[in-house]
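Trainee: Before we look together, could you show me how to read buried positions and packing in a model?

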Amino acid sequence: MIEVDSPSGTKGRLLIRLTHADEAAHDAVKSLLSHQFSAKHTGYLISVEDFPIFDQRLIELGSEVDGTATPAAEQAIAAFETRKAELSALKKGPADHALLNAIKGWKTKPYDDQLKCMQFHIARGRSLEGSETGVGKTLTMLYTFLYWRTVGQAKKGVIFCVNSGKLDWEREVGDHTDLRVLAVGNGSRGVLDDLRKFKHGQYDILVIHYDAIMTNARSKVDVFSYLKEMSFDFVALDEVHTLKNPEAIRHKRIMTLIDQWPTAKIICATGTAIDGNPKSAWAPLRIVADPKAYFPPYALFYRHFVIRKDRYFG
């Protein structure tokens with residue numbers, strides 16, 4: 001017997017209890033990325049997103065065990081399937097030109113492909129902009145921020161980028177929007193002065209390079225600590241693949257800042273989300289994960305996509 005439940009406090013996960021189940025059922029649940037045995041719940045916890053895969057694996061492995069689901073589990077599965085269908089339909093559907101008249105503050109208008117990307121970002125709230133080079137990732141992100149400003153879901157934004165990209169971002173903001181932008185300079189003292197200027201000025205969006213947050217608490221000028229005290233409701237992470245190492249200080253500090261702004265809208269941009277090594281995908285996906293949903297820790301992700309791959313596929 002397979003029993004499926006949705007216990008309280010498990011954040012986007014389902015409980016799978018296997019009672020007198022066949023070996024195929026055990027193999028099916030153990031094949032899932034998110035599976036973790038819980039002694040407290042006497043069963044396996046899996047993410048809601050993994051349930052359709054679990055169902056398919058049972059069929060593929062020939063399990064003949066019957067199953068039941070509690071009303072809470074059925075509700076969680078149905079909500080996930082509905083959300084998945086909505087996002088899939090959005091990607092396949094036409095561009096919504098009504099947005100062109102609804103958004104205020106732009107000097108130029110997006111093309112249809114950019115408009116469709118905007119619709120997806122708006123629906124997700126936190127997402128990855130992985131369009132090919134030349135499609136206009138920068139403008140898509142700026143236009144989406146303008147939408148959230150127009151409807152009152154975002155007021156102040158911050159763009160993190162590599163140092164060489166600051167002036168490009170500043171120029172793009174000025175050329176295509178009415179947003180008041182401030183790009184920080186170089187040197188910790190200069191950056192700190194610019195942060196104070198932004199905080200007390202009438203600016204809409206801040207452009208800051210990743211290296212600026214690398215000063216530490218022992219420094220006389222601690223940019224990172226000051227930035228943590230500021231508030232943003234839109235975050236753009238350009239070249240997010242540079243944050244792929246979860247053990248790096250840069251990654252940890254960006255995650256600390258995002259945790260400081262739990263309701264912020266987030267868009268990450270990259271042309272190389274995965275560089276050939278599956279573990280490089282964990283950081284970008286973790287950053288844009290739904291805060292209310294379950295996302296596997298790095299150890300689980302590594303075990304599933306790297307260790308298993310090496311062991312079974314070479």
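Mentor: Let us begin with a term: contact here means heavy atoms within 4.5 Å. Please keep in mind that this is a predicted model.

Trainee: Which residues does Ser127 touch, leaving out those up to four places away in sequence?

Mentor: Ser127, which lies in strand 6 (residues 126–129), touches Phe120, His121, Ile266, Ile267, Cys268 and Val288. Because its relative accessibility is 2%, where buried means under 20%, Ser127 counts as buried.

Trainee: How should I read the buried residues of helix 5?

Mentor: In general, an α-helix has 3.6 residues a turn, so residues three or four places apart point the same way. In this model the buried residues of helix 5 are Gln114, Leu115, Met118, Gln119, His121 and Ile122; they cover an arc of only 165 degrees around the axis, which puts them on the same side of helix 5. Among the elements that cover them are helix 3 (71–92), strand 6 and strand 11, and just after helix 5, Gly125 takes a positive phi of about 85 degrees.

Trainee: What is Ile287 in contact with, leaving aside neighbours within four places in sequence?

Mentor: Ile287 is in contact with Arg126, Leu237, Val240, Leu243, Met255, Ile258, Ile266 and Cys268.

Methods:
Residues are numbered from 1 along each chain as its sequence is written. This is a predicted model: local features need pLDDT of at least 70, side-chain atom pairs count only at pLDDT 80 or more; totals for chains, interfaces and linings use all residues. Side-chain values use heavy atoms; hydrogens and water are left out. Helices (H or I, at least four residues) and strands (E, at least two) are DSSP runs, numbered from the N terminus. Buried means under 20% relative accessible area, exposed over 50%, partly exposed in between (1.4 Å probe, protein chains only). The arc is that of the directions from the helix axis to the C-beta atoms.
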